[in-house]
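Dear colleague,

Please find below the sequence and the structure that I am handing over to you. My notes on the findings follow directly after them.

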Amino acid sequence: MAAWRMLEDCRVVGLWGRDKSRALDVAARYGVKAYESYSDLLGDRDVEVVDICTPTYTHRKLAVEAMEAGKHVLVEKPMALSLMEADEMISASRRAGVKLMVAHVLRFFPEYMKAKDLLDRGEVGEIAVIRAWRGGPAPEWSPWFMDLGKSGGVTVDLAIHDVDFAVWVNGGMPSEVYAKVANLKHRSHDIHDYALIMLKFPTGSIAFIEANWALPNTYPFTMRLEVDGTKGMIHLDNQSPTPLKLWTGSSVEGFSPETLPWKPGVHPFPIDPFYREIRHFIECVKEDRKPITDGTEARKSLEVCLAAVRSSSEGRPVHLGG
Amino acid sequence: MAGSIKLGFLGVAHFHADSYVQAAKKLPNVEVAGVYERSHDLSSQFSGKFGVKQYVSPEALLRDVDAVVIASENVLHHEYVLQVAEAGKHILCEKPMAVSLEQADEIVRVVEKAGVKFQMCYVMRYHTVSVLVKELLKEGRIGRLLAMAGTNKLNRALPLLRAWFTDRRQSGGGAVMDHTVHLSDLMRWYSGAEVVEVYTMIGRNVNPGIDVEDNFLTTVRMGNDVLGSIDGSWTYAAGHYTWGDVTMELVGSDGVLYMDAFRQNVYYTGEDKLSWHYYGCDPDLLMVEDFIRCIRDDGKPRAGVYDGRQGVAVTLAGYESSRLGRPVKPG
């Protein structure tokens, strides 16, 4: 919401949520309309674009209905829980002639954009090995995350960020996926909280992706990336360059100007990654361009993550593509 | 054992020999008797640099020593170990112990029969920080161990400094052969279980000019279902600020440990160069010291001949899994 309100050429008309009292709360806080039902929202001719931030298992239905009502859709990642759902969403967007973008916000984080820029400029040469690490406490605050059937677990929900990055910088899908996916610490839930994923790309480059929800509640959300190539290597760690940290009895919080929400008058220009993401989406809608993570592109990382889960349950590598 | 222990060096082609000889010279009651190295140039260089006597044959060296450090090219370990064990001398052996499982099994048999001390250069079992990890695990500080993900990466410039590292006939292989064992051994040590499943992916080289693999990723499963991951790639860029690293993240039921064992460096920036100056513990010294203690007190090495054999088994399972495209149980 905060990011949407930074866009000068957009107006937030209203919102609908499954939890009515929460929806009313948020609507009141931002001074927008709260619709009685989703179909009321879709029936409002003032609404041109729908941003779907609901739990993953509801994405397909809500996105398809929105697109069938002629709305452009920005949907939270992961786009869906199966390829069949993803395909339905992609074809709905084609049929209706509307934009579908999946909010893979990592591509709008300044450090990952810089890494991609260095790779594109050839500073690293040909990529040989990618190591990516992403972890924090399990999102137990929202029960649906802890239900494999609703969130897809740590592989489909969290590792997908780095899988998407690996697919992006390697220029396409891996040919082989091998993974160990487990429930290490949350035995009372049907969930995966730990994933070790290895990918091999047609170029011969390999990638290791670890996603971890089996961390103590005090662990700050951390992401690290290393890319080793024929000419050099790059490395980033979102914790080490954090210019401002706040320690309290139960948590450590970090603040960076690059990831803080933009405050007019405080920062010279909007740099929040969520702002950049929706800015991109709106530009694509207005200029009829293809979003960087449209349905087809986002389907790739979903396919890889689903293959990783399958590799783990079958105990063997999974081969993709022809 | 009264008096000094006479220590010989049999093969010094591995860089680590330089560090081991310096460690040995710091220890009381150890006398470095000399070196046999088949390369005449390397032998003279080593002898000159460290002031140790050169021998013309392994036999001549073995006559004068109580114990031997084997830091030759990997493929010679087997032959040298057998020769030393049969002469009844104690052995400190560079990793990997051997380049085939047949060799490794024969080493186990011969060493056990000879009744000599055999210690593997699994230096991470002696490094103060990785030992502390073992103790914290034992104290239950992270609860039950569930998963371990480690790196033992190397600056890509280093393997090029000695040609044999990248000559398969001398090394038995590249990064997989060189850098699987430190982490697979720590994983066995920490989890108290054997590796039962290995899957390795080898990527295209960062250095296309060498004919061994310079990178890999391995996933392992331990007998008690603890998961593990090993990245032992020789892919840190030549300009990286250190030689490489040994890191491990250990996830437990009640917490997480993160080890970065060689992080204790002061970084220097001058007019035209960057350099790093390590101020952490000297694990090579601790390891050689413990070897001498085992000989003197009839102790049991922390990393013995069977640990060496298991490292070879995991390494070879890595190669085999990569070749076959499916996970492999180490032999």
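In chain B, 16 residues of domain 1 are in contact with 19 residues of domain 2. Please bear in mind throughout that this is a predicted model. Helix α10 (residues 283-297) of chain B provides the largest share of the domain 1 side of this contact, namely five residues. By class, the side of domain 1 of chain B that touches domain 2 of chain B consists of 11 nonpolar, one polar and four charged residues. The assignment behind this description divides chain B into domain 1 (5-123 + 284-299) and domain 2 (124-282 + 313-324). Taken over C-alpha atoms, the centres of domain 1 and domain 2 of chain B are separated by 24 Å.

Chain A has also been divided into domains. Its assignment gives domain 1 (4-105 + 286-294) and domain 2 (106-272 + 299-319). The C-alpha centres of domain 1 of chain A and domain 2 of chain A lie 24 Å apart. To the contact between them, domain 1 of chain A contributes 16 residues and domain 2 of chain A contributes 19 residues. On the side of domain 1 of chain A that touches domain 2 of chain A, there are 12 nonpolar residues, three polar residues and one charged residue.

I turn next to the contact between the chains. Chain B gives 29 residues to this contact and chain A gives 31 residues. On the side of chain B that touches chain A, at least two residues come from each of the strands β6 (145-151), β7 (195-201), β8 (217-222) and β9 (227-231) of chain B. That side of chain B is made up of 14 nonpolar, 11 polar and four charged residues.

Chain A contains an open sheet of three strands, in the order β3-β4-β5, with parallel pairing. Its edge strands are β3 (49-52) and β5 (100-103) of chain A, each of which pairs on one side only. Direction ignored, neighbouring strands of this sheet are turned against each other by 15 degrees on average. Strand β4 (residues 72-76) of chain A is joined to β5(A) by four bridges, and the two strands run parallel. Opposite Ala103(A) in β5(A) stands Glu76(A). Helix α3 (residues 59-68) of chain A packs on the sheet and touches β3, β4 and β5 of chain A. The direction of α3 makes about 165 degrees with that of β4(A).

Two helix pairs deserve a separate description. In chain A, helix α7 (residues 153-170) and helix α9 (residues 295-314) pack at an angle of about 125 degrees, and their axes are 8 Å apart. α7(A) and α9(A) are therefore oblique to each other. The crossing in which α7(A) passes α9(A) is right-handed. Among the residues of α7(A) that meet α9(A) are Val156(A), Ala159(A), Ile160(A), Val163(A) and Asp164(A). On the side of α9(A), the residues include Lys300(A), Leu302(A), Val304(A), Cys305(A) and Val309(A). By class, the residues of the contact of α7(A) with α9(A) comprise 11 nonpolar, two polar and two charged.

In chain B, helix α4 (residues 77-86) and α5(B) pack at an angle of about 10 degrees, with 9 Å between their axes. α4(B) and α5(B) are therefore roughly parallel to each other. From α4(B), the residues His78(B), Val81(B), Leu82(B), Ala85(B) and Glu86(B) meet Gln103(B), Ile107(B), Val110(B), Val111(B) and Ala114(B) in α5(B). The contact of α4(B) with α5(B) has seven nonpolar residues, two polar residues and one charged residue.

The peptide bond from Lys77(A) to Pro78(A) is cis, with omega near -10 degrees. Pro78(A) is placed in the loop between β4 and α4 (83-96) of chain A. In chain B, the peptide bond from Lys95(B) to Pro96(B) is cis, and its omega is near -10 degrees. Pro96(B) has its place in the loop between β4 (90-93) and α5 (101-114) of chain B. Asp288(A), although not a glycine, has a positive phi of about 50 degrees. The loop between α8 (273-287) and α9 of chain A is where Asp288(A) is found.

Yours sincerely

How values were computed
Residues are numbered from 1 along each chain as its sequence is written. Chains are lettered from A and ligands numbered from 1 in the order in which they are written. This is a predicted model: local features need pLDDT of at least 70, side-chain atom pairs count only at pLDDT 80 or more; totals for chains, interfaces and linings use all residues. Two strands pair if DSSP finds at least two bridges between them. Axes are lines fitted to C-alpha atoms, for helices over the stretch in contact, and angles run from 0 to 180 degrees between N-to-C directions. Two residues are in contact if their C-beta atoms, placed from the backbone, lie within 7 Å. Ala, Val, Leu, Ile, Met, Phe, Trp, Tyr, Cys and Pro count as nonpolar, Asp, Glu, Lys and Arg as charged, and the others, Gly among them, as polar. Angles under 35 degrees count as roughly parallel, over 145 as roughly antiparallel, 65 to 115 as roughly perpendicular and the rest as oblique. A crossing is left-handed if the near helix is turned anticlockwise from the far one by less than a right angle, and right-handed if clockwise. Domain bounds come from an automatic or database domain assignment.
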